[in-house]
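Here are my notes for you to read alongside the model. Take them one point at a time, with the viewer open.

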Amino acid sequence: NHIAGNCYTEKRDDIHLHVYGAHIFHTSNEKVWKWINQYAKFNHYTNRPIANYKGELFALPFNMWTFNQLWNVNTPAEAQKIIAEQGKDIVGEPQNLEEQAIKLVGKDIYEKLIKGYTAKQWIKDPKELPKEIIKRLPVRFTFDTNYFNDRYQGIPEGGYTQIFEKLLEGIEVRLNVDYLADKDAYNALANKVIYTGPIDSYFDYQYGELEYKTTRFDHVKKEYPNHQGVAVMNYTDAEIPYTRIIEHKHFEPDVKTELTWVTWEYPTQYKADVTEPYYPVNDKDNNEMYMKYKNDASALENIHFGGRLAEYKYYDMHQVISSALNFIKTI
């Protein structure tokens, strides 16, 4: 019922609320950065989330502050020695997320800051998840708490929705319609169609339902100016049902209000056509199923499949833009 997909932001009490969870733009691709800056002015927000384990607070991503808080070590060599000792049982190439995590940061950090959070987030045992997921997380032996390694980072001043308003200027937009219910009629409107929905639903799940991770967002207005002092706080113990609390005003430090909007993120079991698909679960079985759908998709002459759901890829925003800019050259 709105443009901008999962990037949609909504202005509430002068705060731009990220309706579908935290969207922090980051890239090292200068072409992508220049492209997006045509449509919005970005602030200098730097993502420095906090991990909360049963009331203990730790700096993220894993860095020398984390190691000092956990083990009271002061040098990279001391931290590396502990991690190597705790990961020595992982021989050869890690086979799953749990093994990869222990090898990267040791058992203590895995048990406190990864295991419960990951199990909640994906509703799966980390032993059943692909190791590639944890490789996205930086590990640093410096005191740098900037979550991303990318050269460019920020949040658009005035939210994300404005970008899509500018992109769609002069273009007919139809909301609240079901493309899949009347594919032939919609396809007849154009010589080329770009489909960005779930690829399995396009083919009516003929090979089965692909798995996605999904989330429920509870947005709550608080009648005081500051709830948690940081934009993103992760709750890493398994007993707490939510994974993160987002406080949106901290994304735009210039916003001054006497109230605040806070979002609790709850992992939810995905069910095709019932819940919203967000993140593909790229394990072996799902990837094999996706390849069957991809083969069928490639046989369609004028229908193009793009984006996180249609390509079944864990794209970030900058990766989607890069993919789209490259795609446009090919059609």
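Predicted model: local features only at pLDDT ≥ 70, side-chain atom pairs only at ≥ 80, totals over all residues.

1. Two elements each give two or more residues to its lining: helix H9 (284-298) and strand S13 (303-305). H9 gives the most, with four residues.

2. Who sits around that pocket? The lining of the second largest pocket is made of 13 residues, and those nearest the centre are Tyr290, Lys294, Ala297, Ser298 and Phe305. Sorted by class, the lining has eight nonpolar residues, two polar ones and three charged ones.

3. Now for the helices. A quick reminder before you look: a packed pair of helices is described by the angle between the two axes and by the distance between them. Take helix H2 (residues 64-71) and helix H3 (residues 76-86) to begin with: their axes come within 10 Å and cross at roughly 70°. An angle from 65 to 115 degrees counts as roughly perpendicular, so that is how H2 and H3 lie to each other. Their crossing is left-handed.

4. Which residues of H2 and H3 meet? From H2 come Met64, Phe67 and Trp71, and on the H3 side you will find Pro76, Ala79, Ile82, Ile83 and Gln86. By class, this contact of H2 with H3 has seven nonpolar residues, one polar and no charged.

5. H2 has another partner to look at, helix H4 (residues 97-122). These two pack at an angle of about 85°, and their axes are 12 Å apart. That angle makes H2 roughly perpendicular to H4 as well. H2 brings Thr66, Phe67, Leu70 and Trp71 to the contact, while H4 brings Val105, Asp108, Ile109, Lys112 and Leu113.

6. Finally, the backbone. As background, most peptide bonds are trans, and most residues other than glycine have a negative phi. Where is the cis bond that involves proline 61? The peptide bond running from leucine 60 to proline 61 is cis, with omega near -5°. You can find proline 61 in the loop between strand S5 (56-59) and H2.

7. One more to check: alanine 4 has a positive phi, near 80°, although alanine 4 is not a glycine. Look for alanine 4 in the segment before strand S1 (9-12).

Conventions
Residues numbered from 1 in each chain as written. Heavy atoms only, no water. 1 Å grid on protein atoms, 1.4 Å probe; cavity = no way out; pocket = protein on both sides within 12 Å on 5 of 7 lines; lining within 4 Å. Nonpolar A, V, L, I, M, F, W, Y, C, P; charged D, E, K, R; others polar. Axes fitted to C-alpha atoms, helices over the stretch in contact; angles between N-to-C directions. Parallel < 35°, antiparallel > 145°, perpendicular 65-115°, else oblique. Left-handed = near helix turned anticlockwise from the far one by under 90°. Contact = heavy atoms within 4.5 Å.
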